[in-house]
Amino acid sequence: MAELSENPVVALLPVLPNGELVGSAAGLLGAAARVGTPVGVVVAPEETAGSAAEAAGELGAARVFAAGTPLVQQQLSAPAVEALAAAVDSVGAEAVLLPHDVDGRDIAGRLSVRLGAAVAADAVDLSRDEEGLVVHHSVYGSAFLTESAATHGTLIITVRDGAIDHRAAPVSAQVETLPLESSSVPAAQITEFAGLVEESTRPDLRAAKIVVSGGRGLGSKEGFGLAEQLADALGAALGASRAAVDAGYAPYSYQVGQTGVSVSPDLYIALGISGAVQHQAGMQTAKTIVAVNKDPEAPIFDIADFGIVGDAFDVVPQLIETLKERSAGA
């Protein structure tokens, strides 16, 4: 059994309907390991909770609370709030980590009311100083880096997927069953569920190490195919600006920005994207940014590490050809 040392940090680990942990789980446990001892919480149907809890140990959770309950198939948010509150009470958690997505933000708000605790939203890093836990944020379209901390109690933190690279070492987790009973807490009821499986060879946009995004400058839905070709050549995820999505070049699920997905890849390539502040808010924390745009005054060049002033339809085919040549020579 793993020993639980000081500074336990609880992380909610979302589970897919097939019992697999969502990709954000590794990042959440890695973030927890940066500042304390990772404690995972798994809320899933009884038939999948056990395997998900074991997988959490492989990702570094020293202790895992497995709440195997049919409630998760009947209610939104409420079962996770109940499980997190019980886990916090059990280990005396210093902090609770959740993914910064729709579900994570909803659960964070409800848990905050339950515990009377502060929420630090959209964290891009965690650290410690002499007074305790410090949360780092990228704000105002990533123009500024700020820090926040709680003066007392358990701090609830939503973590931007892909922002923290640290990963916890695998351990043999101490798994404990966490019984959940029906609650009178108001919750949205799930009346029907149908799984939708999308086949794709590309990585998930939120967690991808390389992202290629296309903008309105690609001119049409057919022109957006240029971004798809480069993404496939690099093994990258595919993104889009809001302007491209509004124009019908790409589905909303591809949208990167303030009203879409926030990404923090190692490499972000922007094709035909002017770089309005709303778009920058979702990608400026990328490690390296490459921009291709015909307008030398485009705002994207203000944050790009490498910029090419030119037509993407001239530049990108040459880049793809070079990648193919290097791949063939490898």
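Helix 4 (residues 102-115) has 14 residues, which at 1.5 Å a residue should span 20 Å, and its end C-alpha atoms are 20 Å apart, in agreement. Helices here are DSSP runs of H or I with at least four residues, strands are runs of E with at least two, and both are numbered from the N terminus; the expected span is 1.5 Å times one less than the number of residues. The model is predicted, with pLDDT of at least 70 needed for local features and 80 or more for side-chain atom pairs, while totals for chains, interfaces and linings use all residues. Residues are numbered from 1 along each chain as its sequence is written, and side-chain values use heavy atoms, without hydrogens and water.

Gly104, Ile107, Ala108, Leu111 and Ser112 are the buried residues of helix 4 (buried, under 20% relative accessible area; exposed, over 50%; partly exposed in between; 1.4 Å probe, protein chains only). Viewed down the helix axis, these buried residues fall within an arc of 140°, so they line one face of helix 4; the arc is that of the directions from the axis to the C-beta atoms. An α-helix has 3.6 residues a turn, so residues three or four places apart point the same way. The face turned away from the buried side carries the exposed residues Val102 and Val113.

At the start of helix 4, a side-chain oxygen of Asp101 reaches to within 3.4 Å of the backbone nitrogen of Asp103. Gly116, which follows helix 4, has a positive phi, near 65°.

Ser264 lies in the loop between helix 6 (242-246) and strand 12 (267-271). Ser264 counts as buried because its relative accessibility is 4%.

Definitions and conventions
Polar contact = N/O pair within 3.5 Å; in protein donor to acceptor, adjacent residues only side chain to side chain.
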